[in-house]
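Hello,

Here is the structure I promised to pass on. Please have a look at it, and then read my notes below.

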Amino acid sequence: VDVFLRPIDKITGVLESYPKGIAGFRRFLRLIDTDPDIADRKDAAEVQRLAGHIRYDRVSFSYDEGRTVLRDVDLDLAAGETIAIVGPSGAGKTTLCSLLPRFYEPTAGRILIDGIDIADMTQASLRRQIGVVQQDVFLFGGTLRDNIAYGDLDASEEAVMEAARRARLEEVISGLPAGLDTVVGERGVKLSGGQKQRVAIARIFLKNPPILILDEATSALDTATEAAIQQALNELSSGRTTLIIAHRLATVRHAHRIVVLTENGIAEQGPHDKLLEQRGLYAKLHSAQQLGLVG
Ligand code: ATP
């Protein structure tokens, strides 16, 4: 358990969830490995709660010399806006989002939040502004209450309950032998993928950051669970600047704006209906997915 807790502490609580499976685990380790390379600047500012206006200003990035993953990306998100990033596998959707908590540094350009370059903020204060929900969620061996309170260790009992309620966990809790005091995880009650996802959401309700990154689940959940999670996510993203890494086009319709990313940068952006009318790449991806060709 400790082995898992330590890296999570090390990344200062930004990962509310924990990618499982070998690929996800490797990616997670890479994130942690990269972390110490990015030190706070001497004069880095401890920022207080930001509004969440995000601006990518000619951002380029490559993992290794030679191949550029992002080239001159300009992207502006109003505070409270929800964008869904779609595009072919490998286009850089995840990479684009992972620059925001500074898991990696841009090779050129800068990212500003409320006009402040994130490179000029302390990592800890930057990461307090951001909640991340990844596809698979890590629970440590403890009670359900502890697992939720991980979002804010000083939270009151009422605040934990409220977060659980907003994350649509109430029914789950009433079905457990000892409610919130039920031990979960390896040695306790095993929660389903959909239940764990709601624990991750509850953590973020407690943390209450102005910015949210959602790595949309690719695995299918049953319809009722999916609806509960979708409702909880809608409520969570409301009033927060939200970036959705979208794998299924069906769920992106309601984003304020859809950004289509390709290897050559942002190809198109706009609301769902407008992009369909445009009959460009989004329309193509959309009809391919409806025919069941991708995703
Ligand atoms: P998907 O839809 O498959 O998740 P994506 O659009 O999110 O793809 P990224 O995961 O951002 O794409 O990957 C963009 C490119 O960068 C890919 O070619 C990928 O192989 C590469 N890449 C991703 N992470 C790393 C890494 N840690 N080191 C080196 N290359 C990486």
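In S10, Leu243 is the bridge partner of Ile83. That pair belongs to the contact between strand S3 (residues 82-86) and strand S10 (residues 241-245), which run parallel and are joined by 4 bridges. Strands (E, at least two residues) and helices (H or I, at least four) are DSSP runs, numbered from the N terminus, and two strands pair if DSSP finds at least two bridges between them.

Before going further, please note that this is a predicted model: local features need pLDDT of at least 70, side-chain atom pairs count only at pLDDT 80 or more, and totals for chains, interfaces and linings use all residues. Residues are numbered from 1 along each chain as its sequence is written.

Now the whole sheet: it is open, has 6 strands in the order S6-S9-S10-S3-S11-S12, and its pairing is mixed. Strand S6 (130-133) and strand S12 (265-270) are the edge strands, each pairing on one side only.

Helix H11 (residues 281-290) packs on this sheet and touches S3, strand S11 (257-262) and S12; contact is counted when C-beta atoms, placed from the backbone, lie within 7 Å.

What surrounds the ligand? There are 11 residues, and the closest are Tyr63, Ser89, Lys93, Thr94 and Thr95; a residue is near if its C-beta atom, placed from the backbone, lies within 6 Å. Helix H3 (residues 93-98) gives the largest share of this shell, 3 residues.

Best wishes

Key
Two residues are in contact if their C-beta atoms, placed from the backbone, lie within 7 Å. Axes are lines fitted to C-alpha atoms, for helices over the stretch in contact, and angles run from 0 to 180 degrees between N-to-C directions.
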